[in-house]
Amino acid sequence: MKIFPIADEIALISDLQSGNRQAFEIIYHRHKGILYNHATKLLKNQDVASDIIHDIFLNLWNNRNTLSIKENLSAYLFQSVRNRVVNYQIKNNRDSQFIQAFTQHISNYQNSTDFLVREKMLTELIEKELEYLPPRMRAVFNLSRKEGLSHKEIAEQLQISEQSVRSHIKNSLRVLRLRLGTGCFLLISHIL
């Protein structure tokens with residue numbers, strides 16, 4: 001069993017690169033505590049910090065043959081922790097942004113779908129109530145609200161006075177307000 005003094009990291013790294021499990025265990029026990037504390041301080045999450053430290057040492061062992069550490073193993077390991085923490089934070093932030101955007105999209109979709117369903121139902125209700133209006137009043141109302149014609153244009157098209165147009169619109173709105181209620185009537189102005 002080879003004992004490695006702290007100052008002899010170069011020999012420890014060399015033995016690790018050649019596959020010496022004991023060298024790996026010494027590196028692991030010498031550095032795991034301080035790296036864990038460093039990761040925990042950066043992340044404020046002990047579970048994630050523990051996972052990162054285990055990944056770093058697993059990666060160190062799996063890639064021991066291709067390591068390019070010349071002398072400062074501690075600096076290499078601390079840099080590995082910082083890189084993993086940054087990668088975790090970027091991924092976690094990206095995931096959070098995606099979840100937030102997706103939740104907002106679903107909420108907007110549900111709200112818009114609900115609104116469209118209600119708007120369709122209300123439009124059908126209004127159309128049904130419009131059928132009960134006298135024919136001339138219904139025609140004036142449709143030309144005004146659905147086709148957007150001015151009072152003058154409606155008067156010319158139906159060959160009636162502008163005052164009659166105003167009167168028909170006023171009466172049709174009053175009838176709708178009475179039949180549908182004030183709450184629905186306020187929504188009508190938005191739809192029509």
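First, a term: buried means under 20% relative accessible area, exposed means over 50%, and partly exposed is in between, with a 1.4 Å probe and protein chains only. Helices here are DSSP runs of H or I of at least four residues, and they are numbered from the N terminus.

Now the ground rules. Residues are numbered from 1 along each chain as its sequence is written. This is a predicted model, where local features need pLDDT of at least 70, side-chain atom pairs count only at pLDDT 80 or more, and totals for chains, interfaces and linings use all residues, while side-chain values use heavy atoms, with hydrogens and water left out.

Let me start with helix α5. Helix α5 covers residues 135–146, which is 12 residues. From first C-alpha to last, α5 reaches 15 Å, close to the 16 Å expected at 1.5 Å a residue; the expected span is 1.5 Å times one less than the number of residues. Which residues of α5 are buried? They are Met 137, Val 140, Phe 141, Leu 143 and Ser 144. These residues are on the same side of α5, because they cover an arc of only 165° around the axis. The arc is taken from the directions from the helix axis to the C-beta atoms. As background, an α-helix has 3.6 residues a turn, so residues three or four places apart point the same way. Just after α5, Gly 148 takes a positive phi of about 70°.

Stay with Ser 144 for a moment. Ser 144 counts as buried because its relative accessibility is 11%. Its side chain joins that of Arg 145 through a polar contact of 3.2 Å. A polar contact is a pair of N or O atoms within 3.5 Å; within protein, one must be able to donate a hydrogen and the other to accept it, and residues adjacent in sequence count only if both atoms are side-chain atoms. Beyond its neighbours within four places in sequence, Ser 144 is in contact, meaning heavy atoms within 4.5 Å, with Leu 149, Ile 154 and Ile 169.

Next, Phe 57, in helix α3, residues 46–62. Phe 57 is buried, at a relative accessible area of 2%. Leaving aside neighbours within four places in sequence, Phe 57 is in contact with Phe 24, Ile 27, Tyr 28, His 31, Lys 32, Leu 35 and Leu 77. The C-alpha atoms of Phe 57 and His 31 are separated by 9.8 Å, and the two residues are 26 apart along the chain.

Now the charged pairs. How many salt bridges does the structure hold? Four, where a salt bridge is a side-chain nitrogen of Lys or Arg within 4 Å of a carboxyl oxygen of Asp or Glu.

One is Asp 55 with Arg 84, at 3.9 Å between the closest N and O atoms. This pair links distant parts of the chain, with Asp 55 in α3 and Arg 84 in α4 (residues 73–130), 29 residues apart. Asp 55 is partly exposed at 39%, and Arg 84 is partly exposed at 27%.

Another is Lys 146 with Glu 127, at 2.4 Å, N to O. Lys 146 lies in α5 and Glu 127 in α4, so the pair ties together parts 19 residues apart in sequence.

Conventions. Helices (H or I, at least four residues) and strands (E, at least two) are DSSP runs, numbered from the N terminus.
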